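Subject: A structure to look at

Hello,

I am passing a structure on to you, together with some notes on what turned up in it. Please have a look at the sequence and the model first, and then read on.

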Amino acid sequence: MKVDFKKIMVEINFEGDLVEVDTRKELANALYQTTSDIGLADFAREIYYSDGEVEVPEEYIEPILNISASRFIVPVQKALSDKLK
């Protein structure tokens, strides 16, 4: 699956208003700082420097969601989850 982490649409209120959020740097740094998986750390670098869609390996989806749960507020977590599932 391809995801553009620069253009994550986040619902900011209960009325359903959306804002485009660039999650690349914060997500990539969170992955890099908390993973013990060298492959995921390398993928974090790919996210950090991406300027468009990146191919997300299936095995990295769950770790990305778990790590993002500790770093992002709920609306961003939900938007990432929706994008990756």
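Below are the notes, grouped by topic.

Before anything else, this is a predicted model, in which local features need pLDDT of at least 70, side-chain atom pairs count only at pLDDT 80 or more, and totals for chains, interfaces and linings use all residues. Residues are numbered from 1 along each chain as its sequence is written, and side-chain values use heavy atoms, with hydrogens and water left out.

Let me begin with helix α4, which covers residues 74-84. Helices here are DSSP runs of H or I with at least four residues, strands are runs of E with at least two, and both are numbered from the N terminus. Val 76, Ala 79, Leu 80, Ser 81 and Leu 84 of this helix are buried. By buried I mean under 20% relative accessible area, while exposed is over 50% and partly exposed is in between (1.4 Å probe, protein chains only). These buried residues pack against β1 (2-3), β2 (8-11) and α3 (58-71).

Pro 75 also lies in helix α4, but it counts as partly exposed because its relative accessible area is 32%. Pro 75 touches Val 10 and Glu 11, leaving aside residues up to four places away in sequence; contact means heavy atoms within 4.5 Å. From Pro 75 to Leu 65 the C-alpha distance is 13 Å, with the two residues ten apart in sequence.

Thr 23 sits in the loop between β3 (18-21) and α1, and it counts as buried because its relative accessibility is 1%. Its contacts, again without residues up to four places away in sequence, are Phe 5, Ile 8, Ala 28, Phe 72, Val 76 and Leu 80.

How many salt bridges are there? The count comes to three, where a salt bridge is a side-chain nitrogen of Lys or Arg within 4 Å of a carboxyl oxygen of Asp or Glu. Here they are:

- Lys 6 and Asp 51 meet at 3.5 Å, N to O. The pair links distant parts of the chain, 45 residues apart: Lys 6 is in the loop between β1 and β2, and Asp 51 in the loop between α2 and β4 (54-55). Lys 6 is partly exposed, at 30% relative accessibility, whereas Asp 51 is exposed, at 67%.
- Asp 22 and Arg 24 meet at 2.6 Å, N to O. Asp 22 is partly exposed, with a relative accessible area of 40%, and Arg 24 is buried, with 10%.
- Asp 82 and Lys 78 have their closest N and O atoms 3.2 Å apart. They are separated by about one helical turn because they are four residues apart in helix α4. In general, an α-helix has 3.6 residues a turn, so residues three or four places apart point the same way.

Finally, a word on helix α1 (residues 24-34), where Tyr 32 is placed. Leaving out residues up to four places away in sequence, Tyr 32 touches Ala 41, Ala 44 and Arg 45. Tyr 32 and Arg 45 are 13 residues apart along the chain, and their C-alpha atoms are separated by 7.8 Å.

Best wishes
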